[in-house]
Amino acid sequence: MNVIEIKKLTKNYGKNRGIQDVNISVKEGEIFGFIGPNGAGKSTTIKTILNFIYPTSGHGTILGMDIVKESEKIKEYIGYVPSEVRYYDDIKVKDIIKYSQSFYPKVNKEDVENICNDLELDMNKKMGELSLGNKKKVSIAQALIHNPKLLILDEPTNGLDPLMQKKLFNILIKEKEKGNTVFLSSHNLVEVQNLCDRVAVIKEGKIVDIIEIEKAANKLTLKVTLISSDINEESILNLGGKILTKEENSYTFVYSKDVDSLIKEISNYKIDELLIEKENLEDAFLNYYENYMEEK
Ligand SMILES: Nc1ncnc2c1ncn2[C@@H]1O[C@H](COP(=O)(O)OP(=O)(O)OP(=O)(O)O)[C@@H](O)[C@H]1O
């Protein structure tokens, strides 16, 4: 059974586009990423599967339970971090944590303390005194309190400093090791590449691709930058390169054969500088977007 299974989920905001025919399956124990440009429909998808807003059509299940009819029951098993966190200013951090804890009588107090310590929460501060990042940390702690089977995080690293981001990644990896499942929306392609098993790309309300990170990483081609007055665009195209940028005598291009063939092919030219890198997934993700736009 998939932890999240949504089929043809559609949400229209009146005449405005929300999401259309979104299909996503997330397996148990997976860290599943959800990326796409601003306004693509990530938060709408998340809010619909959490039943904060009703779908226009389509349906879905979380842990086998219907996202609309059994939404209350589902909440027992999930932790959610919204993209924007809002709290009453006068409440202290410790009172928020106590309040969250009160919904789950079975939680182990020591575990809660560990979560708060891990995230370095300042328990005696009032929420109004906290920065955005520190508020976000409280929200992450709240989501983790009851050891949820599924964590749904909407841009969780937004506002967190690099050390805290790293800490959060470690927490998510530990969740995965425990067999829990993570659904993570993000704009940070590097974070997604490092953490996720699979990633869905959404654009203009529709899923345009689902990428398996390991497979995609194996398929990455070379990214070559060279400076040479002896070479021109045509010679690069003849080598089988696809030019990304060109500036005077400097060319950056992707090359789909191996390093050895590249060296042999360019050995006839006088080269001043040469940098050969493996294309990273961030470039590949961006490529996906561009290809999609070209096809449209
Ligand atoms: N309450 C609303 N009323 C009308 N339109 C809305 C509403 N909420 C979202 N939309 C529209 O739905 C589309 C998807 O928005 P959504 O917030 O889901 O995108 P997102 O992918 O989460 O974007 P971001 O990365 O900027 O957070 C956008 O075109 C947006 O304008």
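Analyst: Helices (H or I, at least four residues) and strands (E, at least two) are DSSP runs, numbered from the N terminus. With those labels, leucine 50 sits in the loop between H1 and strand S4 (57-62). This residue, together with the helix before it, is the part taken here. The model is predicted, so local features need pLDDT of at least 70 and side-chain atom pairs count only at pLDDT 80 or more, whereas totals for chains, interfaces and linings use all residues. Numbering starts from 1 along each chain, as its sequence is written.

A residue is buried if 20 or more other C-beta atoms lie within 10 Å of its own, exposed if 12 or fewer, and partly exposed in between, with C-beta atoms placed from the backbone. Leucine 50 is partly exposed because 18 other C-beta atoms lie within 10 Å. Two residues are in contact if their C-beta atoms, placed from the backbone, lie within 7 Å. Not counting residues up to four places away in sequence, leucine 50 touches Tyr80 and Ile152.

After H1 comes asparagine 51, with a positive phi near 65°. Most residues other than glycine have a negative phi. Two further residues have a positive phi: glutamate 120, near 55°, and asparagine 147, near 50°. Glutamate 120 is in the loop between helix H4 (109-118) and H5, and asparagine 147 is in the loop between H5 and strand S7 (150-154). Glutamate 120 counts as exposed because it has 11 other C-beta atoms within 10 Å; asparagine 147, with 16 C-beta neighbours inside 10 Å, is partly exposed.

A residue is near a molecule if its C-beta atom, placed from the backbone, lies within 6 Å of it. The ligand is surrounded by 13 residues, and the closest are Tyr13, Asn38, Lys42, Ser43 and Thr44. At least two residues of this shell come from each of strand S2 (16-26) and helix H1 (42-49). By class, 2 are nonpolar, 9 polar and 2 charged (Ala, Val, Leu, Ile, Met, Phe, Trp, Tyr, Cys and Pro count as nonpolar, Asp, Glu, Lys and Arg as charged, and the others, Gly among them, as polar).

Now the wider setting. Domain bounds come from an automatic or database domain assignment; here they give domain 1 (4-212) and domain 2 (221-279). The centres of domain 1 and domain 2, taken over C-alpha atoms, are 43 Å apart. Leucine 50 and lysine 264, 214 residues apart along the chain, have C-alpha atoms separated by 56 Å. The C-alpha trace of the protein chain spans about 75 × 45 × 35 Å along its principal axes.

Last, confidence. pLDDT is the predictor's confidence in each residue, from 0 to 100. Its mean over the protein chain is 90, and 96% of the residues reach 70 or more. Over residues 292-296 the pLDDT is below 50, and this stretch has 2 contacts in the model beyond near neighbours in sequence. Where pLDDT is low, the predicted coordinates should not be read in detail. For the complex, the predictor gives an ipTM of 0.95 and a pTM of 0.84.
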